[in-house]
Amino acid sequence: MRRTKPPRHARYYFCLILCANFLSNPSQGQQSGNQTDPPPEAPKSNSSDTKGFFARWADFYRQDWSATAVSSPAPARRGLPSPLDSPPFPNSDWSYGGSPVMGEADTNSYPLMTAINKARSRAKIYGWIDPTVNFSTSTHFNSPEANDLYSNRLEMNQFVLYAERLPDSVQRDHIDWGYHLTALYGTDYRFTIAKGYFSGQLLNDHRQYGFDPTLEYVDIYIPQVGQGMNVRVGRFIPVPGIEAQLAPNNYIFSHSLLYAIDPFTDTGLMATVKVNDQWLVQLGITGGHDVALWTPDAKPSGTACLSYTTKSVNDNFYLCANGINDGKYAYNNLQQYDATWYHKFSKTVHMATESWYMYQRDVPAVGGTIQPETGANAAYCFTGERLLGEQRCTAPEYAVVNFLQKELSVRNFLSFRSDFLDDKKGQRTGYATKYSENTIAWCHWFGTTVQLRPELRFERAWDRKAYDYGRRQNHLTVASDLIFHF
């Protein structure tokens, strides 16, 4: 029998592990946190040094679930105090993209690293599996709902492996560095894929399951600029936004309509400067949204962001102009202007609100003579009900979402989300209509390694039937995921 090569994604996982182990540093210096990590403050395992790999791995879970693990003292921190508890929330700080949280030490402890080397290295390998189930009123697809796109089924949304080293941004003495590699397999690959990164499995083959090397970047921390500057080079999540592509970094399992149609990854350079404890400035240049630099769609695009946090840490305002260029039609060449406001009402109640305006120019018209890009929709270039015969037009979208959270205990919180989207020319969802969405969800932690997130979601397309291939105007979903961290 002729031997065959292992699948490409399997080889990527293998190389990921080898690279991380090769780069491992046995020193135990403090590192900064990162909003793309699973929640911090996981307890340290007290497994015996004499135990083997699998025994240490099992001990971590046993101690975590029985609350017998030894907790470490709070590490040094530079800057304002953290406003939130994590767990149960995804982050302890008001999040921003493109950089680790500067001034925050890495307190994360992972079961796999405890089993590998008793968590003694700054380089870490960890991840999670995220099976999901949903029941909805649609027959085949829940679109534009995300990420539970396929209706009425059990599926594997994410199997994710991380390899990373975080720079130490607590200290102000020397330049430090870090890196991050992500391998993602599951149905959610369609929400992270970028043209040029194994994109044929979606754009050409339309596979339900796929693989995506979602994040690959290097961080350089330079403490001599302001109160610290981080320079990120590679492929990373776009800077603005409450929600993120990786499952543990979200309040709710499903995503808002706002999230479902905005950019997913950028490739380029992002500089983040901590001016002082309250002000943060970001400037970057990328090849545009959701495209590799070597594709014809890539074009130089600028990003600029400003973040302000009040001294009380009860409020944060984060403004971004993201991926700005000439705005002419190309694969996901979205011109995005984003504003986020976080507010803490009390120790246990806070909210997060985001709004944006996006557009593309010269988008091909539905039914016109110009063929749209593979994997991208055309636009309904009309006014009212009368077609104007335009071959191209500007396609804008407006959206706003609010998350309201109530912490019930260190292991539980409730979240209520309200969401509105106006896809004026139907270029992002395929239907020119206004949408609304409301979701109530509960998040429960088993220890610090397992999350259960059931939810009830109702949404409506106001101007026309836009669900279930245009057969329904209303859409109801009952769903849950289960995140198992390793």
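## Cys-443

Cys-443 has a relative accessible area of 0% and is therefore buried (under 20% relative accessible area; exposed is over 50% and partly exposed in between, with a 1.4 Å probe and protein chains only).

## Basis of the model

The model is predicted, so local features need pLDDT of at least 70 and side-chain atom pairs count only at pLDDT 80 or more, while totals for chains, interfaces and linings use all residues. Residues are numbered from 1 along each chain as its sequence is written, and side-chain values use heavy atoms, with hydrogens and water left out.

## Disulfide count and pairing

With a disulfide taken as a pair of cysteine sulfur atoms within 2.5 Å, the count is two. When the bonded cysteines of the chain are numbered in sequence order, they pair as 1-2, 3-4.

## Cys-305 and Cys-320

Cys-305 is joined to Cys-320 by a disulfide with an S to S distance of 2.0 Å. Distant parts of the chain are linked by this pair: Cys-305 belongs to strand β11 (residues 301–309) and Cys-320 to strand β12 (residues 315–324), 15 residues apart. Strands here are DSSP runs (E, at least two residues), numbered from the N terminus.

The torsion about this S-S bond is about 120°, so the disulfide of Cys-305 and Cys-320 is right-handed. Both Cys-305 and Cys-320 are buried.

## Cys-381 and Cys-393

The disulfide between Cys-381 and Cys-393 has an S to S distance of 2.1 Å. Because Cys-381 lies in the loop between β14 (349–364) and β15 (382–383) and Cys-393 in strand β17 (residues 392–409), the pair ties together parts that are 12 residues apart in sequence.

For Cys-381 and Cys-393, the S-S torsion is about -75°, so this disulfide is left-handed. Cys-381 and Cys-393 are both buried.

How values were computed. Helices (H or I, at least four residues) and strands (E, at least two) are DSSP runs, numbered from the N terminus.
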